[in-house]
Amino acid sequence: LSPDEIQHDRLACLRDPRRLRHLKEVHRARVGDSLTLGVAGGGIGRGELTLLSDDEARFTFDGLDTPPPPPLPVHLVLALPRPRMLARSLEHVTAMGVKQITLLHTRRVEKSYWQSPELDPTKIHDHLVLGLEQARDTQLPEVHLAKGFRPFADERLPTLLEGRRGLMAHPGMAQACPTGLSEPTVLLVGPEGGFIPHEVERLLAAGCEGIHLGPRILRVETAVVALLARLF
Ligand code: SAM
């Protein structure tokens, strides 16, 4: 729910047609159902659906707890993966607590992926919300699309890394992925075909540390979860 859908302490009203449809068709909600309600950027609590019509849904709820505290500030910079994998990656990394995500173009990113309907802001929002619901969190991550940003030839790279530790995940690097970070970090993950050697050189020259996850080459969606699990 957005804060303006809260009518007062214990009552909320939802009129957005898309989310009403979602409530009926995806959640198959019925009057009397008990639900978990989260307020964007705010608390989370148990509620009951008291009315469900074509135009609105009403809920009563019994107070809001605070959402889980934000985890370490990790900015995930992810080379744009194939659409299905993007959807799952966004959901998983949101559930794990990432609040800043940049989708990046690199040499081995398939250009057609940038035309995918999965990049529609509504679709991105839906994937993020699935991740938040899973983790009982209410604070939406920010997602930036960096289609024109090339990490191997772009003066914005030092700005992206400024004041943060840069970690580039790349198989075969000498350093293992660190555990339990205590400082703001930018984590760079390559596309299905990996970073090309020139991108690796460019990122290392800009001050990134190259890190590995062991000898197994993981799919992008597995690699992001494995990396975050170690970093958190
Ligand atoms: N053939 C590509 C290569 O060797 O770079 C494989 C790319 S992998 C499918 C996609 C991305 O996941 C990589 O660019 C990297 O960021 C991350 N990744 C997957 N397995 C990894 C590993 N064992 N160590 C470090 N990063 C890994």
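This report describes the fold, the domain contact and selected charged residues of a predicted model.

## Basis of the model

Residues are numbered from 1 along each chain as its sequence is written, and side-chain values use heavy atoms, with hydrogens and water left out. Because the model is predicted, local features need pLDDT of at least 70 and side-chain atom pairs count only at pLDDT 80 or more, whereas totals for chains, interfaces and linings use all residues.

## Overall architecture

The protein chain contains 6 helices and 12 strands; these are DSSP runs numbered from the N terminus, helices being H or I with at least four residues and strands being E with at least two. Along the principal axes, the C-alpha atoms fill a box of roughly 60 × 35 × 30 Å. Of the 232 residues, 43% are buried; buried means under 20% relative accessible area, exposed over 50%, and partly exposed in between (1.4 Å probe, protein chains only).

Among contacts between residues at least 6 apart in sequence, 69% join residues at least 24 apart, a contact being heavy atoms within 4.5 Å.

Domain 1 contributes 10 residues to the contact and domain 2 contributes 8 residues.

About 600 Å² is buried between domain 1 and domain 2, with 50% of it on carbon and sulfur atoms. Buried area here is the accessible area (1.4 Å probe) that two parts lose on being put together, summed over both. Arg 18, Gly 41 and Ile 44 supply 62% of the area that domain 1 buries against domain 2, more than any other three residues.

## A salt bridge across the domains

Between domain 1 and domain 2 the count is 1 salt bridge, defined as a side-chain nitrogen of Lys or Arg within 4 Å of a carboxyl oxygen of Asp or Glu. Asp 126 forms a salt bridge with Arg 18, and their closest N and O atoms are 3.1 Å apart. Asp 126 is partly exposed, with a relative accessible area of 29%, and Arg 18 is also partly exposed, at 32%.

## Lys 24 and Asp 54

A further salt bridge joins the side chains of Lys 24 and Asp 54 (3.2 Å, N to O). Lys 24 lies in helix H1 and Asp 54 in the loop between strand S4 (44-52) and strand S5 (57-61), so the pair ties together parts that are 30 residues apart in sequence. Lys 24 is partly exposed, with a relative accessible area of 27%, whereas Asp 54 is exposed, at 68%.

## The surroundings of Glu 5

Glu 5 is found in the segment before strand S1 (6-8) and is buried, with a relative accessible area of 10%. Glu 5, Asp 16 and Arg 19 are linked in a network of salt bridges. The side chains of Glu 5 and Arg 19 are joined by a polar contact of 2.9 Å. A polar contact is a pair of N or O atoms within 3.5 Å; within protein, one must be able to donate a hydrogen and the other to accept it, and residues adjacent in sequence count only if both atoms are side-chain atoms.

The backbone nitrogen of Ser 2 lies 2.8 Å from a polar atom of the Glu 5 side chain. Leaving aside neighbours within four places in sequence, Glu 5 is in contact with Leu 11, Ala 12, Cys 13, Leu 14 and Arg 19.
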